[in-house]
Amino acid sequence: MVVESLERENRYSLIQVNRQLIELRSFFTHIRNGRFQEGFHVVSSLGLLPLTQNEINERESRYKDLDQCLKDAFPSLLCGTIECLFGMHRKIKSESRGLTETVEGRLRELQLMARFIYVFSGLIGMPAATKEYIHQKRNHML
C-alpha cells in the first residue's frame with residue numbers, strides 16, 4: 001500500500017534511497033567487525049562508487065543526482081571503502097607465500113581501485129580530510 005502510494009506520487013526513489021541506506025548500515029557493520037571482503041561486496045553491489053576507470057565519469061554524474069542523505073554519507077562511505085581495499089590488500093600480502101603472478105595481479109587490482117576512489121573523491125569535492133585519509137591508505141598499498 002505504501003509502495004503504491006509512493007508510485008502514484010512519483011516518489012518511488014524514496015524506497016530506493018531507504019534500501020541503499022540499509023545496505024550502507026550493513027557495509028559499516030562488516031567494516032566494524034573486520035569483514036572487509038563482505039563489506040566490499042556490499043559497497044560494490046550498490047553501484048555508487050567507481051571500481052574501474054570507465055566508471056569514474058558515470059559515477060560522478062550519478063553522484064550529482066543522489067539524494068542528500070546519501071551524499072551526506074559519502075565521506076564515510078569512501079573512507080570505509082578504502083579501509084576495505086586496504087584490509088583485503090594487507091590480508092592477501094600476509095597470507096601469500098611469495099608473490100605469484102596471480103597474487104601480484106590481485107594486489108594491483110586493489111591498488112587500482114584505491115586510485116579510482118581517490119580520483120573520484122576529488123571530482124565530487126570531498127572534504128580534504130577524506131581525501132587525505134584515502135591518500136594515506138592508498139600509499140600504504142603501494
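Q: What separates Arg62 from Glu58 in helix 4 (residues 56-64)?
A: The two residues are four apart in helix 4, and therefore about one helical turn lies between them; a helix here is a DSSP run of H or I with at least four residues, numbered from the N terminus. The model is predicted, so local features need pLDDT of at least 70 and side-chain atom pairs count only at pLDDT 80 or more, whereas totals for chains, interfaces and linings use all residues. Residues are numbered from 1 along each chain as its sequence is written, and side-chain values use heavy atoms, with hydrogens and water left out.

Q: Why is the meeting of the Arg62 and Glu58 side chains called a salt bridge?
A: The term asks for a side-chain nitrogen of Lys or Arg within 4 Å of a carboxyl oxygen of Asp or Glu, and the N to O distance between Arg62 and Glu58 is 2.4 Å, so the pair qualifies. Glu58 also meets Arg59 in a salt bridge, at 3.1 Å from N to O, and the structure holds five salt bridges.

Q: What makes Arg59 buried or exposed?
A: Arg59 has a relative accessibility of 9% and therefore counts as buried, the limits being under 20% relative accessible area for buried, over 50% for exposed and in between for partly exposed, with a 1.4 Å probe and protein chains only.

Q: Which parts does the salt bridge of Glu83 and Lys137 tie together?
A: The side chains of Glu83 and Lys137 meet at 3.4 Å, N to O. Glu83 belongs to helix 5 (residues 68-95) and Lys137 to helix 7 (residues 128-141), so the bridge links parts that are 54 residues apart in sequence. Glu83 is buried at 16% relative accessibility, and Lys137 is buried with a relative accessible area of 16%. Elsewhere, salt bridges with shared partners join Glu55, Glu58, Arg59 and Arg62 into one network.

Q: Why are helix 2 and helix 5 described as roughly parallel?
A: The axes, which are lines fitted to C-alpha atoms over the stretch in contact, with angles running from 0 to 180 degrees between N-to-C directions, cross at roughly 30 degrees and come within 11 Å for helix 2 (residues 13-32) and helix 5. Angles under 35 degrees count as roughly parallel, and the two helices are therefore placed in that class.

Definitions and conventions. Parallel < 35°, antiparallel > 145°, perpendicular 65-115°, else oblique.
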